[in-house]
Amino acid sequence: MLETTNGNGHGNGTANGNGHASTHTLLPLTVKDFKTDQEVRWCPGCGDYAILAAVQGLMPTLGLRRENIVFVSGIGCSSRFPYYMNTYGMHSIHGRAPAIATGLAATRPDLSVWVITGDGDALSIGGNHLIHALRRNVNLKILLFNNRIYGLTKGQYSPTSEVGKITKSTPLGSLDAPFNPLSLAIGAEVSFLGRSIDSDRKHLTDVLTAAAAHKGTALVEIYQNCNIFNDGAFDALKDPETRDQRLIRLQHGKPITGPGRKAVRTDSGGMTLVPEDDPRPVVVHDAHAAGPEHAFALSRLADPGTLDGTPVGILRQVERPTYDELMNAQLDQAAARHGDGDLAALLVGKDTWTIGE
């Protein structure tokens, strides 16, 4: 069967039954190659369309074969994503996408595995699966669509909804303190952490490109507008008249500043925004800081009500061994000591007993 390759020699077509392609032609992939024939079924105006377009635009630049890319999703509006990507994919079960993707990434290190999830899917029923994927540093790229609402089930409050949020399930206002997804991820020792906005195509593509190149777990929170059940949740960060005053655009090695303001350290070790004429030294962004303190302080910088001082970009990008590397090294060590082993002998080995009648 024909296999096409792009300019760097990676195939993007179909291999024959034994995994080897029979022919090669120089034919680079395009955005069209990553679009399926499925009707994209989101509400008109949904931010998911912009994210899908950004991801489909990113894929041809990675130099990967389509059959070496997998998208795994849970349940929610965002979780329809695999149907619209012309790669391998799985629409799995609520909250369990990180667990399923972990098994795939651990056993198939040749694959680029992406998890598509939402604030409800990832942080409610899936919270336990998410934090363990992060702490293990599984080689996954996790895109967390955060619209601060349950969209698929028609507008209940979610784990990121603000206190006092009036929804169908909280008619008098939510009493729950919301999760800060970035703080949660840093607490779980995530090795790559970024944030972007659905409508900022260039910025989102830049962050996703860096996430794709990262070895280990890369979590990208994407502020995504649900124009049906929580419209305008992030307007302050999108409106041309207000966005530049509220956003803090992070660049590694550059001072953390916004119009007329700068970030400084507080006595408690955190960060705060002060006028630029404040005598205290401005904090320089260090995405590669070994410890989590710098990234954690950044994750707490924004005012949760007004979104003033919201950092976007890459908060953390550090290197540490991935789960599949450690697992395979352990398996190699065991094989060197004991050989390949005997499963049947293990099942009926010494650690068995008989229960009498």
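Colleague: How many salt bridges do you count here?

Modeller: The count comes to 11 salt bridges, taking a salt bridge as a side-chain nitrogen of Lys or Arg within 4 Å of a carboxyl oxygen of Asp or Glu. Keep in mind that this is a predicted model, where local features need pLDDT of at least 70, side-chain atom pairs count only at pLDDT 80 or more, and totals for chains, interfaces and linings use all residues. Residues are numbered from 1 along each chain as its sequence is written, and side-chain values use heavy atoms, with hydrogens and water left out.

Colleague: What makes Glu325 and Lys215 a salt bridge?

Modeller: Their side chains meet at 3.0 Å, N to O, and the cut-off is 4 Å, so the pair qualifies. This pair links distant parts of the chain, 110 residues apart: Glu325 is in helix α10 (residues 323–338), and Lys215 is in the loop between α6 (201–213) and β8 (218–223). Helices (H or I, at least four residues) and strands (E, at least two) are DSSP runs, numbered from the N terminus.

Colleague: Why is Glu325 called partly exposed?

Modeller: Glu325 has a relative accessible area of 34%. Buried means under 20%, exposed over 50%, and partly exposed in between (1.4 Å probe, protein chains only), so Glu325 lands in the middle class. Lys215, at 48%, also counts as partly exposed.

Colleague: And Asp308 with Arg261, what makes that a salt bridge?

Modeller: The closest N and O atoms of Asp308 and Arg261 are 2.8 Å apart, so this pair passes the distance rule too. Asp308 is in the loop between α9 and β13, while Arg261 is in strand β11 (residues 261–265), 47 residues away.

Colleague: Is Arg261 buried or exposed?

Modeller: Arg261 is at 17%, so it counts as buried.

Colleague: What about the cavity, which residues line it?

Modeller: The lining of the largest cavity consists of Asp286, Ala287, Ala289, Gly291, Pro292, His294, Ala295, Leu315 and Arg316. On a 1 Å grid over the protein atoms alone, a cavity is a set of points where a 1.4 Å probe fits but cannot get out, whereas a pocket is an open set with protein on both sides within 12 Å along at least five of seven lines; lining residues have an atom within 4 Å of a point. The search finds one cavity of 30 Å³ or more, with a volume of about 30 Å³. α9 (293–299) and β13 (310–317) each supply at least two lining residues.

Colleague: How much space lies in the largest pocket?

Modeller: About 420 Å³, where a volume is the space filled by probe spheres set on the grid points, joined across faces, edges and corners. The lining has 28 residues, with Gly76, Cys77, Tyr150, Gly151 and Leu152 the closest to the centre. Helix α3 (residues 119–125) gives the most, with three residues.

Colleague: How much space is in the second largest pocket, then?

Modeller: About 360 Å³. Of its 20 lining residues, Arg148, Pro178, Phe179, Asn180 and Pro304 are the closest to the centre.

Colleague: Last one: why is Val348 called exposed?

Modeller: Val348 has a relative accessible area of 65%, so it clears the 50% limit for exposed. Val348 is found in the segment after α11 (343–347).
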